[in-house]
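Biologist: I would like to learn how to read a fold from a model. Please take me through one, feature by feature.

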Amino acid sequence: MPNDCVFCRLVARQIPASVVYEDEASLAFMELGQVNPGHVLVASKAHAASVYELDDGQAAAVFRAAARVARAVRVAFDPPGLSIYQANGAPAGQTVFHFHLHVLPRHDGDGMQLVWPVKNPPRDQLEAHAARIRAALPAR
């Protein structure tokens with residue numbers, strides 16, 4: 001556990017958190033900077049700076065916890081929408097370098113936006129990109 005990692009300190013109960021769910025591999029707690037009521041963070045208990053450092057078991061546990069929390073948020077707050085956000089690296093907007101997901105209830109006009117410039121590459125370029133990714137996948 002890195003001493004300067006705020007989420008590791010939350011997992012270790014060295015600093016307070018409003019916990020909503022916990023299992024052996026993940027911890028879900030209220031986001032201090034609530035965008036909308038019910039905004040929850042789901043973090044891996046073991047320190048992993050980004051998705052690249054998670055093993056398959058950790059990834060499965062965190063995403064399973066996020067789905068459970070999302071269903072509970074829907075019952076508790078009945079939002080008309082829900083987004084799950086995750087960023088890796090500063091250029092992607094990551095500010096806390098411990099893997100976590102934002103489970104974020106959404107409402108029309110809540111100020112959240114996720115937009116990108118659509119480039120629509122030709123099919124042959126998409127196929128070439130797909131081939132590069134397939135080649136990089138580890139064997140099962």
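Biologist: What pattern does the protein chain follow when read along the sequence?

Modeller: This is a predicted model, in which local features need pLDDT of at least 70 and side-chain atom pairs count only at pLDDT 80 or more, while totals for chains, interfaces and linings use all residues. Residues are numbered from 1 along each chain as its sequence is written, and side-chain values use heavy atoms, with hydrogens and water left out. Helices (H or I, at least four residues) and strands (E, at least two) are DSSP runs, numbered from the N terminus. Here the pattern is α-β-β-β-α-β-β-α, with three helices and five strands in the protein chain.

Biologist: In what order do the five strands form the sheet?

Modeller: Strands of a sheet pair through backbone hydrogen bonds, either parallel or antiparallel. Two strands count as paired if DSSP finds at least two bridges between them. In this model the order is E1-E2-E3-E5-E4, the sheet is open, and the pairing is antiparallel. At the edges are strand E1 (19–22) and E4, each of which pairs on one side only.

Biologist: Which strands pair with E5, and over how many bridges?

Modeller: Strand E3 (residues 40–44) is joined to E5 by four bridges, and strand E4 (residues 81–85) pairs with E5 over five bridges. Both pairings are antiparallel.

Biologist: How many residues of strand E5 are buried?

Modeller: Buried means under 20% relative accessible area, exposed over 50%, and partly exposed in between (1.4 Å probe, protein chains only). In E5 (residues 100–106), seven of its seven residues are buried. For the protein chain, buried residues make up 33% of the 140 residues.

Biologist: Which residues have a positive phi although they are not glycines?

Modeller: Arg13 has a phi of about 65 degrees, and Asp78 has one of about 45 degrees. Arg13 sits in the loop between helix H1 (6–11) and E1; its relative accessibility is 45%, so Arg13 counts as partly exposed. Asp78 belongs to the loop between helix H2 (56–77) and E4, and is exposed because its relative accessible area is 61%.

Biologist: What share of the contacts joins residues at least 24 apart in sequence?

Modeller: A contact means heavy atoms within 4.5 Å. Among contacts between residues at least 6 apart in sequence, 52% join residues at least 24 apart.
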